[in-house]
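Dear colleague,

Please find below the structure that I am handing over to you. A summary of the findings follows it.

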Amino acid sequence: MAISGTGNLHRALSGYRCSRSAMVWSLVGLLLMLQLYSFASRRNVVRGDIQLYVSRHPLVRELEQVEEENIQVPPPKKKKSPHAAKRRRKRSATLIDEFLDENSQIRHVFFPDMKSAIDPVKGVENGSHHYYPGKIWLDTEGNPIQAHGGGMLYDERSNTYYWYGEYKDGPTYRAHKRGAARVDVIGVGCYSSKDLWTWKNQGIVLAAEQTNETHDLHKSNVLERPKVVFNEKTGKYVMWMHIDDANYTKASVGIAISDYPTGPFEYLHSQRPHGFDSRDMTIFKDDDGAVYLIYSSQDNSELHIGPLTSDYLDVQPDMRRILIGQHREAPALFKYQGTYYMITSGCTGWAPNEALAHAAESIMGPWETMGNPCIGGNKMFRLATFFAQSTFVVPLPGIPGSYIFMADRWNPAELRNSRYVWLPLIVGGPPDRPLEYNFGFPPWPRVSIYWHKKWRLPSSWKVSK
């Protein structure tokens, strides 16, 4: 009897364990089915949203066409340039190697010569208004635009766009043997436009200091990534920028103000925001007028974000560390339907690398990484962000979910000859990968940057008046 009872008990316990296991796996299956259903539902909603605005703006559909590239790496040549030689490894050359080699046989692919420059005067006569990413872009006076690492301000008082950026029209050199390629600080250039295509040179709105070597703006220092916002309460235009020394050890932000978008701007001072080092940075103005500073910190290992004071001249104490340990820089923020988005770059000096898109319900985080937003070209184009680096994202009012992605194609051999890569950025469509550290797909639509050799804004789009 004892043996028989033990056997019955063993079978009962085994049955219980099997039932419990079956219940657990059933629950897991149910959760997975709910997740798939939720994802499919979101995908259908997002697709419906895309169809809605594409039908209203047919050219958006044209911008979403995937355009491929077929660029072959040429056979190796006997003599390489000094810059390329430093990167020589025991492997086959890649397109990035060719991009960095100023003597490359396919140099013209990345940096077309002056013969193919975009001339707005001739373009207006032809009615084209096409963007040609990577080609030389001329202003209305026929000179190459100098607004690198730039940002855009739409001034509602004049219904005008102002493009601010680094004026690099000087010789490229290295401050010391291991130093990065640089151009002496000349100042911040400003260009104005009514259509985001024809740009008038408004001159240097914040000039370098020529004699005082202790001044932040002395020509031997570094001024990068200027961004400007307008403060409705004070009536001032406020500029924030990355300020550094030639060795990148100062790692600060600088602030300047002006009564007019075309300057001149008065430089106030520099600081280390929240007491941390700050290198690549941007500012973002929210719908309620609040402005936030976003900057790479802790030796570029993470990003910090925090609000500015009401006069936009200082940071508030509140700050959040985001994308910790991910080594991201060149942040460019925008907002769509209440969700905050950000494009960032990896940290590889002047060499191009893979962009990533991030999203958050609150600008202070938490931020989730959504993956590489680049579409088209070829695999290397996408992994190198079309051989460019993010700097700003421009909203296009009247075309929901549509933006211009502004990026710089840096030319470390001759920085004044760096190019602009402007491409359509569309928010819409199902995400293509799950969130990091999460089983689920993001509740937000995909961010897509489409490669085009030639493109233009929808003809129905006009500057708001």
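Helices (H or I, at least four residues) and strands (E, at least two) are DSSP runs, numbered from the N terminus. The model is a predicted one, in which local features need pLDDT of at least 70 and side-chain atom pairs count only at pLDDT 80 or more, while totals for chains, interfaces and linings use all residues. Residues are numbered from 1 along each chain as its sequence is written, and side-chain values use heavy atoms, with hydrogens and water left out.

Overall composition

The chain has seven helices and 23 strands. Of its 465 residues, 52% count as buried; buried means under 20% relative accessible area, exposed over 50%, and partly exposed in between (1.4 Å probe, protein chains only). The accessible surface of the chain comes to about 22,000 Å², and 55% of this surface belongs to carbon and sulfur atoms; the areas come from the Shrake-Rupley method with a 1.4 Å probe, and for residues only the protein chains shown count as cover. Among contacts in the chain with a separation of 6 or more, 54% are made by residues 24 or more positions apart, a contact being heavy atoms within 4.5 Å.

Strand 21 pairs in the antiparallel sense with strand 20 (residues 389-395) over six bridges; two strands pair if DSSP finds at least two bridges between them. Tyrosine 403 in strand 21 is the bridge partner of proline 395.

Four strands, in the order 11-12-13-14, form an open sheet with antiparallel pairing. Strand 11 (281-285) and strand 14 (320-322) are its edge strands, each pairing on one side only. Neighbouring strands of this sheet are turned by 25 degrees against each other on average, direction ignored; axes are lines fitted to C-alpha atoms, for helices over the stretch in contact, and angles run from 0 to 180 degrees between N-to-C directions. Strand 13 (residues 302-307) and strand 14 run antiparallel and are joined by three bridges, with isoleucine 322 in strand 14 as the bridge partner of leucine 303.

The loop between strand 13 and strand 14 holds tyrosine 312. The phi of tyrosine 312 is near 65 degrees, a positive value in a residue other than glycine, and tyrosine 312 is buried, with a relative accessible area of 5%.

Aromatic pairs

The structure holds 24 aromatic pairs. Rings of Phe, Tyr and Trp (its six-membered ring) pair if their centres lie within 6.5 Å; planes under 30 degrees apart count as stacked, over 60 as edge-to-face and the rest as tilted. The rings of phenylalanine 99 and phenylalanine 110 have centres 5.4 Å apart and planes at 85 degrees, so this pair is edge-to-face. The pair links distant parts of the chain, with phenylalanine 99 in helix 4 (residues 95-100) and phenylalanine 110 in helix 5 (residues 107-110), eleven residues apart. Both phenylalanine 99 and phenylalanine 110 are buried. Elsewhere, Tyr131, Trp137, Trp163, Tyr191, Trp199, Tyr420, Trp422 and Trp455 form one aromatic cluster.

Cis peptide bonds and individual residues

The peptide bond from glycine 263 to proline 264 is cis, with omega near 0 degrees; proline 264 is in the loop between strand 9 (252-258) and strand 10 (266-271). Glycine 365 and proline 366 are also joined by a cis peptide bond, with omega of about 5 degrees. Proline 366 is in the loop between strand 17 (356-360) and strand 18 (368-371).

Serine 345 in strand 16 (residues 339-346) is buried, with a relative accessible area of 5%. Not counting residues up to four places away in sequence, serine 345 touches His327, Arg328, Glu329, Ala330, Asn353, Glu354, Gln389 and Ser390.

With kind regards
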